[in-house]
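Reader: Give me a close look at the ligand shells. Then place them in the rest of the model. Keep it brisk.

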Amino acid sequence: MKFSHETFPFACHLTGRCCVQNVIALSPFDIFRLAVHLNKSASQLFQEKILTYTINKADYWMEPIINTGLEMTCPFLLPKSMEEHVCEIYESRPLVCRLYPLKYNPEEDYYFRRLDAENRCSECFSLENENYSLKEFVEKSGLPELTEEYKLYREFLFDLVRSGFNIIDIKHKKPKQKLFFAIQAQLYETFPKEKNELTEYPWQENKKHIESMIEEFQNSN
Ligand code: SF4
Ligand code: SF4
């Protein structure tokens, strides 16, 4: 783990400002935990438009996100009083929310501060708040375990993109498009199932399954 060397004062005052005008990207692990928490299957979350996809032009990928709608407000943000808001799914909130006000680069295993955080909300960074080093903040928030699984996901995602399963290479190639969307459904919309008996996302098993889908496609083309 690597950190930028700085300390910063931080405390959440429940303003909810980090939950609006933000893209809340999700990993398959995030989707799994969220669906289990809501007692739904992953596919239900997409069918009910709680989750949707957006084009990620940097990764050449279709990214699953929380559907924040035209108002760009997270649907899980609930008002507690005139000034305060709470997260309805706090225990299962996605990694990007747990990281706030930090970001994480999985290629370099590096944590750093979000550039937009201070402009978004001055209360979080009031000098009266407790002072943290990035390392302290990361450890206190229990992030290392979650970023480990995120790293596995991102490595696999880049392998897929590099091997031609990306929004550029599938253009005008119908059979490949079909497989691209089948891979997405398998990765994001399959676990947990309706009658889920799993306690965690079956990462290795599902990764192998997707690899065999690709092998089968390559052998038949
Ligand atoms: S913007 Fe800061 S104070 Fe407001 S909810 Fe987010 S972390 Fe908490
Ligand atoms: S999931 Fe919770 S913490 Fe994350 S943006 Fe929505 S309301 Fe905010």
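Author: Ligand shells and their setting

The model is predicted: local features need pLDDT of at least 70, side-chain atom pairs count only at pLDDT 80 or more, and totals for chains, interfaces and linings use all residues. Residues are numbered from 1 along each chain as its sequence is written, while chains are lettered from A and ligands numbered from 1 in the order in which they are written.

Now ligand 2. Its shell consists of Cys19, Ile24, Cys74, Phe76, Leu77, Cys87, Ile89, Arg93 and Cys97. That makes 8 nonpolar residues, no polar ones and 1 charged.

Next, the overall fold. The protein has 8 helices and 9 strands. These are DSSP runs numbered from the N terminus: helices are H or I with at least four residues, strands E with at least two. For 221 residues, a compact globule would have a radius of gyration near 17 Å; the 19 Å of the protein agrees. That radius is taken over C-alpha atoms, and the rule is 2.2 Å times the number of residues to the power 0.38. Along the principal axes, the C-alpha atoms fill a box of roughly 65 × 35 × 35 Å.

Buried residues make up 19% of the 221. Buried means 20 or more other C-beta atoms within 10 Å of a residue's own; exposed means 12 or fewer, partly exposed in between, with C-beta atoms placed from the backbone.

The largest nonpolar core has 20 residues, and Ile31, Phe32, Ala35, Ala42 and Leu45 touch the most other members. A core is a set of buried Ala, Val, Leu, Ile, Met, Phe, Trp, Tyr and Cys residues joined through C-beta atoms within 7 Å. Helices H1 (28-38), H2 (42-47), H3 (95-99) and H7 (174-188) each supply at least two residues of this core. H1 gives the largest share, 4 residues. Apart from this core lies another, of 6 residues, including Leu157, Leu160, Phe165 and Phe180.

Phe165 sits in the loop between helix H6 (143-162) and H7. Phe165 is buried because 22 other C-beta atoms lie within 10 Å. Beyond four places in sequence, Phe165 contacts Leu160, Ile170, Phe180 and Ile183. Contact means C-beta atoms, placed from the backbone, within 7 Å.

Last, an open sheet. Its 3 strands run in the order E1-E8-E7, with mixed pairing. Strands pair if DSSP finds at least two bridges between them. E1 (2-3) and E7 (102-105) are the edge strands, each pairing on one side only. E7 and E8 (residues 110-113) pair in the antiparallel sense over 4 bridges. Asn105 bridges to Tyr110 in E8, and Tyr104 stands opposite Tyr111. Leu102 and Tyr104 form the covered face of E7, Lys103 and Asn105 the uncovered one. In the E7-E8 hairpin, with 4 residues between the strands, Asp109 takes a positive phi near 50°.

How values were computed:
A residue is near a molecule or strand if its C-beta atom, placed from the backbone, lies within 6 Å of it. Ala, Val, Leu, Ile, Met, Phe, Trp, Tyr, Cys and Pro count as nonpolar, Asp, Glu, Lys and Arg as charged, and the others, Gly among them, as polar. Two residues are in contact if their C-beta atoms, placed from the backbone, lie within 7 Å.
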